[in-house]
Amino acid sequence: MKRTTGAIAMAGITALLLTACGGEAATDDDPTTPAAGETESEAPADDEETTDDGDAADDTADEPATDEEASTEPPVRDQNAELVIWSDDVRAPILTEFADEFGTEFGITVQVQVATDVRQQFKDATNVDQGPDIIVGAHDWLGELVQNGTVAPIQMSEDVQAQFVPEALEATKFDGQIYGVPYATESLGLIRNTALAPEAPSSMEDLIATGQGLVDSGDADQVMVTPVGQQGDAYHAFPWLSAFGGGIFGTNAEGGWDAENVIIGSPESIQGGEKIAWLAENGALNVNIGGTEMEALFGEGKTPYMVSGPWAIANVDGAGIEYAIDPIPDFEDGGVTTPFLGVQMFYVSSKAKNPAIAQEFVNQYVPSVELQLALFEAGDRPPALQAALDQVSADNEDIAAWAAAGEGAPPMPNIPAMNAVWGPLGQATSDIVGGADPAERLAAAQDEVVAAIG
């Protein structure tokens, strides 16, 4: 465990504790007001990894619920606690152990509380100065939380920044400023039934040929499965949509996502849309297959390939399928399939009761191998800290494979404008799978998204 040393650091913490004894909430000097009509982020259909608590739904399947966890009411802050952390019920027991250690080290009371809807309950409680000091959640909440003025920048040294996987650290930034300390990453990959497909496909064309051969021989029912459904799934369609340089947003001068530069209807995105149509024509995408159908077909050995993420592995294991994890194959004509990267991280409230203490915890305890490994055991996601990732990957083939599958993946846009994207783009991709013209549907989706962003 990393430790802050020296009497100066301890004196600074003690002084801030004394000034906060009256319960005065720290405020953000420069809060950003939310855009008019701003709404809660809408997760893509069947997208377990972007649920409101920022993690796969099946993470909590085997966890016993306490009275507090069973309640849908937000936690009530103990005003005697100098540091309060909100998390989901999976991570809370792990964080409690480290929080107790932190409290003992600094002689303070630390409380870890379970929130059933961390993001919304945090926003509501912070608005009335009753929120926690730290929350744990997904990186794509960031833009909305910054606009609402509810989270504070993280004062992270360059030495600490260098310890993280670069893509994970990039996901913590908004307008070039770091707002979180990451602890896990996740992305899509190709999960392969090794009994049906012993070798990893060299390309999407190779995948199609192998899958069609298995269907023709009666050894499989589907060439490949991934969630589409009648309403589509933009998250799972993105690797193909963006394969030729297209996607959702362009970038601004600082390298961040630019909400004023929607590229859904660009020639590059349309070329990706044509690949989606081609995959559908060759039996790899199907509007009648959503997340439930996908996992059932793969678990029953009726398809050699499934494009999904780490959250699907528990069911694959439970079905007794021998599997391997590979990066999603590229296209032979140069199309590079790159999924979004999702990142889980710790935020500090802009109204933290003791901001220096909150900053101390996220800067000294979260970037520790011990904490990152403990959280890995709960979520089975690749750690964001490079040293922890290296340690886990050495003994765990799956984690090494997921890390390889997500290498170079762009973080899922964390700007509020993504709220306007999921529905229109998801529906457009479903319609393309169903036979609609890619150019027409993506142009229409572009217009709808631009209008919704306003």
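In strand 2, Gln113 is the bridge partner of Trp86, and in strand 3 that partner is Ile135. The structure is a predicted model, in which local features need pLDDT of at least 70 and side-chain atom pairs count only at pLDDT 80 or more, while totals for chains, interfaces and linings use all residues. Residues are numbered from 1 along each chain as its sequence is written, and side-chain values use heavy atoms, with hydrogens and water left out.

**Strand 1 and its partners**

Helices (H or I, at least four residues) and strands (E, at least two) are DSSP runs, numbered from the N terminus, and two strands pair if DSSP finds at least two bridges between them. Strand 1 runs parallel to strand 2 (residues 110-114), and five bridges join them; with strand 3, strand 1 pairs in the parallel sense over two bridges. Strand 1, helix 3 (residues 92-106) and strand 2 form a right-handed β-α-β unit, where right-handed means that, with the strands pointing away from the viewer, the path from the first strand over the helix to the second runs clockwise.

Is strand 1 largely enclosed or exposed? Five of its five residues are buried, so strand 1 is largely enclosed by the rest of the structure; buried means under 20% relative accessible area, exposed over 50%, and partly exposed in between (1.4 Å probe, protein chains only). In a regular strand the side chains alternate between the two faces of the sheet. Here Leu83, Ile85 and Ser87 point one way from strand 1, whereas Val84 and Trp86 point the other way, and all are buried.

**Salt bridges**

A salt bridge is a side-chain nitrogen of Lys or Arg within 4 Å of a carboxyl oxygen of Asp or Glu, and eleven are found in a search of the whole structure.

| Pair | N to O distance |
|---|---|
| Arg77 and Asp133 | 3.0 Å |
| Arg91 and Asp88 | 2.7 Å |
| Arg119 and Glu144 | 3.7 Å |

Because Arg119 lies in helix 4 and Glu144 in helix 5 (residues 142-147), their pair ties together parts that are 25 residues apart in sequence. Both Arg119 and Glu144 are buried, and a network of salt bridges links Arg119, Lys123 and Glu144.

The salt bridge between Arg77 and Asp133 links distant parts of the chain, 56 residues apart, with Arg77 in the loop between helix 2 (67-70) and strand 1 (83-87) and Asp133 in the loop between helix 4 (118-127) and strand 3 (134-138). Arg77 and Asp133 are both buried, and Arg91 and Asp88 are buried too.
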